[in-house]
Amino acid sequence: MARTMFSVNIDRSEPVALHDQVAAEIRRAIAEGEAGPGERLPLVKDIAAVVGVNKNTVLRAMHILRDEGLLDFTRGRGITVAGTPQKSAVLRQVRELMDFARRQGYRREDVIGMIESLP
């Protein structure tokens, strides 16, 4: 499995949090094909050293991307690219749907049933 290295540029003068900037740069790299599905990312400590931030900042960015469906954390394999920006966008919409449905009193199973009944 290949290990991908890409450039991550952050600007400390921006009002955007550092972890959000790191996440955005990794998201961009995936969108532009610098890192594709199944490719392994460099170690968090290596990215942190190159970018010049604390490794917890990079780890927080990685968790954001994992929650978006872009990254996969696997013991023994490290962090790999799990999906595409399109999959991430769909996953985000599904999460929003589930949050909305929960607020309306529907359970997960109810929403799945509704989706399955669509033509």
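Visitor: What pLDDT does the chain average, and what share of the residues score at least 70?
Guide: The chain averages a pLDDT of 86, and 92% of the residues score at least 70. pLDDT is the predictor's confidence in each residue, from 0 to 100. This is a predicted model, in which local features need pLDDT of at least 70 and side-chain atom pairs count only at pLDDT 80 or more, while totals for chains, interfaces and linings use all residues. Residues are numbered from 1 along each chain as its sequence is written, and side-chain values use heavy atoms, with hydrogens and water left out.

Visitor: What percentage of the residues is buried?
Guide: Of the 119 residues in the chain, 31% are buried. Buried means under 20% relative accessible area, exposed over 50%, and partly exposed in between (1.4 Å probe, protein chains only).

Visitor: Let us turn to α2. Which of its residues are buried?
Guide: In α2, which spans residues 44-51, the buried residues are Val-44, Ile-47, Ala-48 and Val-51. They lie on the same side of α2 because they cover an arc of only 100° around the axis. The arc is that of the directions from the helix axis to the C-beta atoms.

Visitor: Which exposed residues are on the face turned away from that side?
Guide: That face carries Lys-45, Ala-49 and Val-50, which are exposed.

Visitor: What covers the buried residues of α2?
Guide: The cover includes α3 (55-67) and β2 (78-81).

Visitor: Which residue follows α2?
Guide: Gly-52 follows α2, and its phi is positive, near 85°.

Visitor: Now the histidines. Where does His-19 lie, and what is it in contact with?
Guide: His-19 lies in helix α1 (residues 18-31) and counts as buried, at 12% relative accessibility. Leaving aside neighbours within four places in sequence, His-19 is in contact with Thr-57, Arg-60, Ala-61 and Ile-64. Contact means heavy atoms within 4.5 Å.

Visitor: Is His-63 buried, partly exposed or exposed?
Guide: His-63, found in helix α3, counts as partly exposed at 29% relative accessibility.

Visitor: Where is Gly-69 found?
Guide: Gly-69 is found in the loop between α3 and β1 (71-74). Gly-69 is buried, with a relative accessible area of 10%. Apart from neighbours within four places in sequence, Gly-69 is in contact with Ala-82, Gly-83 and Leu-91.

Visitor: One last topic: what is the volume of the largest pocket, and which residues lie nearest its centre?
Guide: The largest pocket has a volume of about 170 Å³. Ten residues line the largest pocket, and Pro-42, Leu-43, Val-44, Gly-78 and Ile-79 lie nearest its centre. On a 1 Å grid over the protein atoms alone, a pocket is an open set of points where a 1.4 Å probe fits, with protein on both sides within 12 Å along at least five of seven lines; lining residues have an atom within 4 Å of a point. Grid points are joined across faces, edges and corners, and a volume is the space filled by probe spheres set on the points.

Methods:
Helices (H or I, at least four residues) and strands (E, at least two) are DSSP runs, numbered from the N terminus.
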